[in-house]
Amino acid sequence: MVKKTGVYICTGCDIGDSLDIAALSKVATKEGKVPVCKSHAFFCGTEGSALIKSDIENEGVNTVVIAACSPRVNYDVFDFGPSIIMERTNLREQITWCHPANDEDTQMMAEDSLRMTLAKVKQVELTEPYQGENMVETILVVGGGLTGITAALEGAKAGYKTVLVEKSPVLGGWMNGLFKQAPQKSPYTTPEEVDVDRIKEVEAHPDVKVYVGAEIQEIAGAPGMFDVTINQNGTIITERIGSVILATGAVPYDPTKLDHLGYGKFDNVITGQKMEELASKGKLVRPDGKEVQSIAFIQCAGSRDSEHLPYCSATCCVESLKQATYLQEQNPEATVYIFYKDIRTPGQYERLYKQVQKDGGIFVKGDITAINEDDEKNLIIQAADVLSGAVISSESIDMVVLATGMVPTTAFGENLIVETVSCDTDKKDSEPTEAVILKSNLLNLAYRQGPEMPTLKYGFPDSHFICFPYETRRTGIYAAGSVRAPMDEISAIEDATGATMKAIQCIELSAQGSAVHPRVGDMSFPDFAMQRCTQCKRCTVECPFGSINEDEKFNPIPNHTRCRRCGICMGACPERIISFKNYSVPMIGNMIKAIEVPEEDEEKPRILIFACENDAYPALDMTGINRLSYNAWVRVIPVRCLGSLNIVWIADAMSQGIDGILLLGCKHGEDYQCHFIQGSELAEVRLGKVAETLGRLDLESDRVRMEQVNITDYDKIPAILDSFSDRLQELGPNPYKGF
Amino acid sequence: MDEILDVSLDMRDYIVSSGAETLSMCMQCGLCTNLCPWRLVHGEVSESFNIRKMQRQAQLGLDGFDEEEVLFACVTCGMCQVNCPREVNIIENVRSMRNTTAGAGFIPKILKPVVSSVRSNGNPWMGAKEKRAEWQEDLNIPAYSDATEYLLYVCCNSCYDPRGKKIAKSVVNLLQKAGVSFGVLTAEEKCCGESMRKLGDEELFVKLAESNISLFNGKGVKKIITTSPHCLETFKKEYPEFGGEYEVIHYTELLGNLLKEGKIAFPTELAKKITFHDPCYLGRHNQVFDSPRELLQAVPGVELVEMDRNKNRSLCCAGGGARVWAEVAVGERFSELRITDAVDKEAEILVTACPYCVTMLVDACAGMEKGDVLKVMELSELLNAAL
Amino acid sequence: MAHKSILVVGGGVSGITAAIEASEAGSEVYLVEQKSYLGGKVAQIYQYFPKLCPPNCGLEINFKRIKQNPKISIFTLAEVETIEGKEGDFTVTVKSNASRVNQNCTACGKCAEVCPVERSNEFNYGLDNTKAIYKAHEFAFPMKYSIDDKVCLGAECGKCVEACKYDAIELDMATKSLKLNVGAIIWATGWDAYDASKVAYYGYSQHQNVITNVIMERLAAPNGPTRGKIVRPSDGKAVESIAFVQCAGSRDENHLAYCSGVCCMASLKQATYVKEQNPDAKVYMFYIDVRAMGKHEDFYTKVQNELTLIKGKVGEITEDPITKDLTVLVENQVTGEIMKDKFDMVVLATGMVPATAGLKLPVELSYDEDGFIATDSKQPGIYGAGCVKKPMDVASSVKDATAAALKAIQSTVRR
């Protein structure tokens, strides 16, 4: 498209009073040779925006540059539709609100930022959404327990076909083994019948295709276009799938590891699972035929124990309390002991706890010191009862139930060392920073980065984000239920429904060619100029979402519907063959070149900031909104993610005399904040490699610095900039100035 | 934690069967122990008595709660009970635990004469049976009959204790001034049994209750006025289970109503700074807070000041739960704190409405030699002065 | 597929999530919020547990999602008045209260500079003031000013009107009422903190240095009334010793019979706020049970050496009338020793009360005994999301809101 650019400089909100607008306009008209350049005191007002619209309609302006406030505001007023290229120059928050008015440096800053935007729009092209081939709207649900059944059903109810694959011969999972389920409605005091209707409902639903006795042999392809091979007792079936829900659940912790609690040693020490089985048979009797009159539950059997499961399994307290009512129901005179660390009955489950107290339950807080068996195979438990300050010895108990914790099905199988990058010096580069993939034979993804979902701690393929519990590392594949985190039935149902929502979203967005969370609406995608590819594998290794496969010759094979548009591959590529229509290495390169670097004797050093769009850039805005002033030598380039930073930009900047480069990115490490997982960490890794680049140019490596800032750190920004410029003062000017 | 104690469900069940029905509801949060007035004083009892732990031992039937200074420490003030997060009837639990030993006759030495006096004389104050009605002399109170609306039941303390008698007389005078139709019974009346039950002698309590009930019912008693909040509590909440159904009212509440109806007034000015001590059994236990205050404010010149701990958070005088007879060392008495509370507010008169409170507070005030700045009065005494 | 529209009531994290998730799957969504900004309670929080990350980070991403999404229409300062009709076809009247500031507002702030009137700032629980014309908080979205008509002097003052170059202020702006036709409704009006003064023995609102956990968030927040310095309300002294008192209302038949689910983690988190500012601070937490569910156990384990955990529900909290120091009386149930420790400040872990305990929906719906929307809420097409259903932490609320979005979509496609 032939661009006709219009530059619109707003003079409102102090901009007009603090900048030489005429001079600024010259930057557009003289230097930039833009045909249309107008200024107005209130572009976001009706009159102002009408003026722009009329230029679009009457003057054929198709590329609009708004030099006014931050792109974070008035996004709606300045939206001229998909056929118009629109860029913003942030004169208000990042220049006039945090720098002295009518000051030479402030003016230079404004002019540079307009130059940079003009350089950018020269390169920006309208995006054309990616269209996959024969995309489908079907959802695959792996695992036919409560979560899987719910997911399949909820998807179907929303009008989407679903395929439900369960490895055992029947649907229902743990539901089948339950006598009753924990109360799910007010007053939360009595267990409910297991919701088997749900199973019937899913089996009867016309839009749900159920495969039992079946396993996933392979999942190839990408969202909207997954090709799934299912092995049902030897017969191979293939399904075309839009998105996937992993609902394979959890299994009880192996009780044979709990001999210190008498399991395997004494006949009448059983697990909660066994307890359900006995209760289902009717009267609670022991293997030796004795009717159970007294029972003890031992909580945290395996859980909250560094030797076993360090985490809390979240449901055991409620489950044991539920089971306590089984015995009470049969025999109100029966004795129930519960040995616990903390009773964890959140929310309304406090009422179930209260019910068991009312029934006369005996609660003992403290560690078990001994379990002994008498000659009638009854058990005597000794425990340190914190509350009476004594070691107590129980009367003889007919049966002891261990409340064993839950282990996600993703926590089994050989640990596959995925090749990723780490800046953690005491780790080898080949060692994953935090993503672990175990060959748990659940999804068998035909992905270069490994066959299963990467897991966080303890093997849970959970989201790392509190605000975004479905922010998955495998686009279009969403974990739900107890495989994702320990959870009770109500939560599992909610989780299944939520994951299904995301699965549907992914299908809809992929069909439009849009990215999914967090860049929904981004229609761009990476384009690989393959003829220049050297098969170095950096892109496939560094893509946090496993979206790039490799052929046998190690050529990258992008899967655009798996792509999250972070640009990390673009930053990784040493040959710079990867670019987006609206975001590329040369584009940023030209923005850098657009910065006017004053001669050394002018003593006006320049600092280039690459700022993460999500946190650092808003933080810079906040600095302005709070009218905190900062160093006027800085020039800011927002990046999708610091991970998209290509080393060449550093060289570009240095070779044109910019004195220092500051990377502002998200926190990394265990509690990383980067929504592209390793982006900011990767940037730091690459910085490590910058040293030699700078070395070749005879430049000190600390002309480039990286800082971790979050959105609320705006108040620290002036100090961060000052300390960096102080260091640059010590180093003296960049010798390449004026070359 | 070296000693190993055996859980005894028999013991637990025995305690529960004696009335501790909510024992298992206790989740051992410990609020009871932390709100307990014993926390406010020092000394042996304060150190050994922990109501939370005591209930814990009951839950498991463990040894340890039966030591005298633990088992008989609770003053049954109800501070813990009204605030208990699990609505545990803590006083019932204490009573039931005391019953495990008191039932078998094991009670603190100090209480033995008290109990035997109740057994023989029908009152805990060593007073002769026949002298019970002595205080009534030349008050021309009619004997209770169908012609009288209320039975005025006077606390044993007011029947025998010199100060108590004055209180009884002033109550009578007020009721007569207000034109209340009431009568009294005489020697055949027995102690209401409140304290006997609280100290765990259930058998004795039942005897007393049954004897009084047959007496009351025989006379056709429907409505009872009590001078003591303790009698109020017993008649109102405990007699029904033995067949004694009466409309029971404390005299302060009755006078409060009459004041509103304009049936009584207090014209005589009394320019004094006065504070009111809520008796546990009138306040926390029966939620009567306003009547006494309204009556006081009806007296011209009276400036009513509140102590920081008032109404539901009022501090016990330590006379409840049969502790009125307990020997407590100076410096370890709640009543002393209460005197200080009143003095801190620069009150000239500390008014209350319970014979036990009067006894405890008068002792404390004298013991602390505060008599010159603070006077302890029963509400009826003060109101009389204002007639 | 063509969706009919969905109404989301409540612009907190649950409402925002439900609205965005539904719209990103193609639904038209109306989002109605009572306040002038979106974000609700989380906008007032300093850091989330267990990551100790700022809520504004996630909010920024969500606001970005809203900005690029024309399918979401936002009504702030608005309330739902009536709901008629049935699943698939509800007619809802929404009253939008006059902000007295129109869309022209550029948030330049000139108006506040000239405004002569101050008002107590509810965003900071009254710990500081704003002008009568104010921006709710610095991250406020939409970023517009609004006028507190309770204190504004109106036309006879009019200073702000003169100061505004953009004709953004309409002192005579009237409340509008509009009708919306939607297929489903998601109710996500969230929660309120339990009134701690009802727990009389803890002395909240009597003792200046007894605060609540929600206030603590503002004290610790860099954009809070103290610029993030944790100091005593009584004298501004930096806090050297602090006590966190758990279950101040929760798990209590006299107050809230249920467990509020999040307070244990919140207090453990707030302990790290104090330690971050003063590593030598004496920090105690008094509890009945520590409820760190699932992987939150890791955080509990991690911070255990940062503070002293005492099992025991605190009794009376007393104040030294001169120094305003607080004495906490409690039995350490592990040692049996009675503690009477002095602290500079006490934080009450007050529980969550569902907004629906007070303000019910203008339509037949079933609630549980505590006012939470019942799990089997007999009203097809209307779905609760987040803390109106049960006490939840942020991640659970988001999860639940995402689920509610799907249920709502089902109601709009069901035919």
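Student: Which residues does B:Gln136 touch, leaving out those up to four places away in sequence?
Tutor: B:Gln136 touches B:Ile141, B:Val184, B:Leu185 and B:Thr186, where contact means heavy atoms within 4.5 Å. Before we go on: this is a predicted model, where local features need pLDDT of at least 70 and side-chain atom pairs count only at pLDDT 80 or more, while totals for chains, interfaces and linings use all residues. Residues are numbered from 1 along each chain as its sequence is written, chains are lettered from A and ligands numbered from 1 in the order in which they are written, and side-chain values use heavy atoms, with hydrogens and water left out.
Student: OK. Is B:Gln136 buried or exposed?
Tutor: Buried, at a relative accessible area of 14%. The cut-offs are under 20% for buried, over 50% for exposed and partly exposed in between, with a 1.4 Å probe and protein chains only.
Student: And where in chain B does B:Gln136 lie?
Tutor: In the loop between helix H8 (112-121) and strand E2 (150-153) of chain B. Helices (H or I, at least four residues) and strands (E, at least two) are DSSP runs, numbered from the N terminus.
Student: Switching to C:Lys51: what does that one touch?
Tutor: Residues of chain A: A:His464, A:Phe465, A:Ile466, A:Asp671, A:Tyr672 and A:Gln673, again not counting residues up to four places away in sequence. C:Lys51 counts as buried, at 5% relative accessibility, and lies in the loop between E2 and helix H2 (55-67) of chain C.
Student: Now helices. How do H2 and H5 of chain A cross?
Tutor: The axes of H2(A) (residues 21-31) and H5(A) (residues 104-123) come within 9 Å and cross at roughly 30 degrees. Axes are lines fitted to C-alpha atoms, for helices over the stretch in contact, and angles run from 0 to 180 degrees between N-to-C directions. H2(A) and H5(A) are therefore roughly parallel to each other; angles under 35 degrees count as roughly parallel, over 145 as roughly antiparallel, 65 to 115 as roughly perpendicular and the rest as oblique.
Student: Which residues make that contact between H2(A) and H5(A)?
Tutor: From H2(A), A:Ala23, A:Leu24, A:Val27, A:Ala28 and A:Glu31; from H5(A), A:Gln107, A:Ala110, A:Glu111, A:Leu114, A:Arg115 and A:Leu118.
Student: What about H14 in chain A, how many of its residues are buried?
Tutor: Seven of the 10 residues in H14(A) (585-594) are buried. H5 and helix H13 (568-572) of chain A are among the elements that cover them.
Student: Last topic, sheets. What's the order of the chain C sheet with E1 in it?
Tutor: E3-E2-E1-E11-E22, an open sheet of five strands with parallel pairing. Two strands pair if DSSP finds at least two bridges between them. The edge strands, each pairing on one side only, are E3 (72-75) and E22 (382-384) of chain C.
Student: How many bridges join E11(C) and E22(C)?
Tutor: Three, in the parallel sense. C:Trp187 stands opposite C:Gly384 in E22(C).
Student: And which helix packs on that sheet, touching E1, E11 and E22?
Tutor: Helix H9 (residues 394-413) of chain C, whose direction makes about 165 degrees with that of E11(C). Helix H1 (residues 13-24) of chain C lies across E1, E2, E3 and E11 of chain C, at about 170 degrees to E2(C).
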